[in-house]
Amino acid sequence: MTAVLEIRDLCISLPRGGGKTISILDHFNLTLAPGEMMALVGESGSGKTIAALAVMRLLPPGAVVTGEILLDGEDVVKASEARMRQLRGKSVGMVFQNPLSALNPTRTVAAQIGEAWRVHKGGTAAQARARALELLGEVGIPDPAARLDDYPHQFSGGMRQRVMIACALACSPKLLIADEPSTGLDPLIAKQIMTLIETLRRDRDMGVLFVTHDLSVVEEHAESVHVLYAGRSVEWGKAREFFAQPRHPYSEALLGAVARLGQARLQNIPGYLPEPEARAAGCRFAPRCGYAKADCAQGYPLAVTTGGTAACCLYPLSAGRAAYAEPLDKPVQKFMPQLEVEDLTVSYNGVGGWLGGSKKLPPSLAEVSFTLGRGECLGIVGESGSGKSTLGRAVLQMVGYEGAVRLNGVALNSLRGAEHRAARRKIQVVFQDPRESMNPRLSIGDVIAEPLCLKGGMTAAARQAKVAELLASVGLNAEIASRMPGAVSGGQAQRIAIARALAAEPEIIVLDEPTSALDVSTQAMLLNLMKDLAFKHALSYILISHDFAVVSYMADRIAVLNAGKVVEMNDTAHLISSPRHAYTRALIAAAPQLRTSHR
Amino acid sequence: MSNTIAASPSKLLGRALSHGTLSTGLILGGLILFVGFVAPFIYHVDPFAIHPDHALEAPSLAFPFGTDELGRDNLALVLSGGLATLIVAIPAAILSFVIGVAYGLISGLGPGWLDKLLMRVLDVFLALPSLIVLLFFASLVPQTNFNLVLLLGFIAWPSLARLVRNEVLAQRGRDFVLAAEQSGAGRIYIARVHLLRIIAPILVVNGTFMVGDSILAISALSFLGLGVQPPQESWGSLLEEALDIVALNPWWLILPPGLLVFGSLLAASLTGQGLLRLWGDKR
């Protein structure tokens, strides 16, 4: 049996200004058998996407590639550009993370799927259309004949991803490369997409290499796994063995950082992923590794293959890994009410005529009521479109609403002017996208000082000192204040957003998907930080998320939102152990969870 | 073995061109400003002195740009005409710019009813052909420099106002603006600290275009006799006078003012495009 894909000693460098190149991926080896489903795992910056793109030879201009990439025995590195065009699509199909930008918005899906087929196989337009119909059926588009002439925007996110998969499968490739195929989709939909890919490769005996940072997806769907860290392979092998006993300390740390349903404390991986220029000489994980010894810095360790998976570590872990999954033990606490929300209803107006006049749309939030206790964390869970972000914005007074939001007994929409502004300051917000939450033209120091400036009554020196203090409290160095937002990582940016919120001395912080744009290890650090800060500053949180695991880790109580209504609300432990509403049960079932701990 | 995938040549060319565009625009713009503001004080020749025995002579050592039909030194005329053109065109562009930015900010940040009202007023301005409006008002008031600046300034702002208003609407819902509002920021603070900084590149680029447009507008008015008034000449009026005697082929009278108006437009356009691409690259 020959491998569908065999990568031998692949090294990739990319140009970085001034004629210099930096090495992105080093000495990468991988073998994928027909019908095998392999996950390429790593955090952003690990080189996993570059490795996948190299197979299609879709690297940025100026990339220097050495080594061999054998696609069914043929070396892609040496192939001509004309030959590559044949191979792309015909031998290798590719699915991207964002299907909307990968599909042409001006052409129907039948035309796009048909084109992918005709380019390689020839045939008439009618044959191509028939093929498109067949493929749409195969990827599970309901009533495919009726949807052939629809445009990409007429499909939902999950359906678009299915169309993208149909395009990739048009010529029955032997290898499918999927770059984060389920990232950014709701958990229920993400699970369906991964299941579809799994079914398709079984039916077609097609090798699948999917790139992801989400270990729970890997455990559920992959047969084998390959973990990258800072451009080097650290561990690879059968997924079952990997999850039963990871042998590389980085793998273990990564598994410990994943939020799961019912977990007491997430593990932090200390430090940050090194920049490509600043990678350690020996084992690249050694500077952050709890098990590292002096000789770890002496050259990159060779793979140890004794038992289970192969790991590039001088001191691979054996049985008895840290029991990072502790049973859920969240005491039910009584809190003094701080924020009362009563019959909150938000309706957005539709687009009106040229002089006023607009039609009413159904409310995005309908008669939602709850109280938030002092020091409590209330989780709001729901799919996109369930109204959970609208709820957050209404509490923040960013949108108009009917009903009442009372902070310490005072209805916020009854206040005017300075009183209203002062009350609003008590409720702060941390947004999902760390890049969007800072003005790119202000320095970090200015961003954090903004609430202080707006409040007034502080000298510049006093503000500077306060900024340094806030930075320290979120675990950042004071020197970062002079940097611009473009020069910080996503995790740092989110800490800065928290520091800015704290600068306003809030009582409540609305966290709108605060970690969903971050890598697993960064997410773990941030969640732990927010827990500590809540305690230290006597904060209450409203945590909005589609990730049940994250919410259950943080929240004392959870409200489940569906179509603008609260369908269920209960203490975290009760809600998870005995969900009453069918929708809650579906969400919990779809929640990414590493089952290893329950075995 | 190694394989270098070279950068596509069109991309490299595009980058080089963008910076080439910018530098060409800036050099050309600097040249125009030099001609208008510095050269008249170096070339000390009275533009209104008449040399009857040298009327309508082609360029020579004595008269580098030749003479007109009255026997006036054409180079001196072009230089003083440049100063007369620019001291109207540049303040007018600045006035237009300020009105456009202010109108756009008020419309974009104000309450919904005000935005609707201001935008409908804007539609009226945009619907009227600006040259006709300009001619109408120019015929009502005496053409002093001050009046011309006001006139041109009040004509050219609407398209910038719409652009600013649309940008403000697009930017004011961004997370960092919402976060500032949550901490008690008012509209003026939002405009000053956040919006103006974010849209600064767009403003600079469009401001540059406006200077070019303004030079063209005052030249057109002067050409039609409603701009800078005699005895003062401007590029537009010099062109008009040369065209009166075009049958005699006085190319030395037509080319300098014509090329200077053309060059101003080109300089503004190249500088604007260059800046646009330079900032586009960074984003």
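This is a predicted model: local features need pLDDT of at least 70, side-chain atom pairs count only at pLDDT 80 or more; totals for chains, interfaces and linings use all residues.

**Entry 1: chain B on its own**
I asked how the elements of chain B run from the N terminus on. The order I found is β-α-α-α-α-α-α-α-α-α-α. That makes ten helices and one strand in chain B. I then looked up the box that the C-alpha atoms of chain B fill, and along the principal axes it is roughly 75 × 70 × 30 Å.

**Entry 2: a nonpolar patch on chain B**
Next I went over the surface of chain B. I found a nonpolar patch of about 510 Å², made by Leu33(B), Phe34(B), Phe37(B), Val38(B), Ile42(B) and Ile87(B). Which element gives the largest share of the patch? I traced five of its residues to helix α1 of chain B, residues 9-42. Ile42(B) is a residue of that helix.

**Entry 3: where the chains meet**
I turned to the contact between the two chains. I counted 37 residues from chain A and 27 residues from chain B. The area buried between them is about 2900 Å², and carbon and sulfur atoms give 56% of it.

I looked for charged pairs first. Side chains of opposite charge can pair when their charged atoms come close. I found two salt bridges between chain A and chain B. I wrote down the one between Asp175(B) and Arg393(A), at 4.0 Å from N to O. For polar contacts, I noted ten residue pairs across the interface.

**Entry 4: the chain A side**
I checked which elements of chain A touch chain B. At least two residues each come from β4 (64-71), α13 (417-425), β18 (427-430) and α14 (444-455) of chain A. The largest share, five residues, is from β4(A). By class, I sorted this side of chain A into 17 nonpolar, seven polar and 13 charged residues.

Last, I searched the whole structure and got 31 salt bridges over all chains. I picked out Arg8(A) with Glu68(A), whose closest N and O atoms are 3.1 Å apart. Arg8(A) sits in strand β1 (residues 5-15) and Glu68(A) in strand β4 of chain A, so this pair ties together parts 60 residues apart in sequence.

How values were computed: Residues are numbered from 1 along each chain as its sequence is written. Chains are lettered from A and ligands numbered from 1 in the order in which they are written. Side-chain values use heavy atoms; hydrogens and water are left out. Contact means heavy atoms within 4.5 Å. Buried area is the accessible area (1.4 Å probe) that two parts lose on being put together, summed over both. A salt bridge is a side-chain nitrogen of Lys or Arg within 4 Å of a carboxyl oxygen of Asp or Glu. A polar contact is a pair of N or O atoms within 3.5 Å; within protein, one must be able to donate a hydrogen and the other to accept it, and residues adjacent in sequence count only if both atoms are side-chain atoms. Helices (H or I, at least four residues) and strands (E, at least two) are DSSP runs, numbered from the N terminus. Ala, Val, Leu, Ile, Met, Phe, Trp, Tyr, Cys and Pro count as nonpolar, Asp, Glu, Lys and Arg as charged, and the others, Gly among them, as polar. Patches are made of residues with over 30% relative accessible area and no salt bridge: like charges are joined within 9 Å, nonpolar side chains (Val, Leu, Ile, Met, Phe, Trp, Tyr) within 5 Å. Accessible areas come from the Shrake-Rupley method with a 1.4 Å probe; for residues, only the protein chains shown count as cover.
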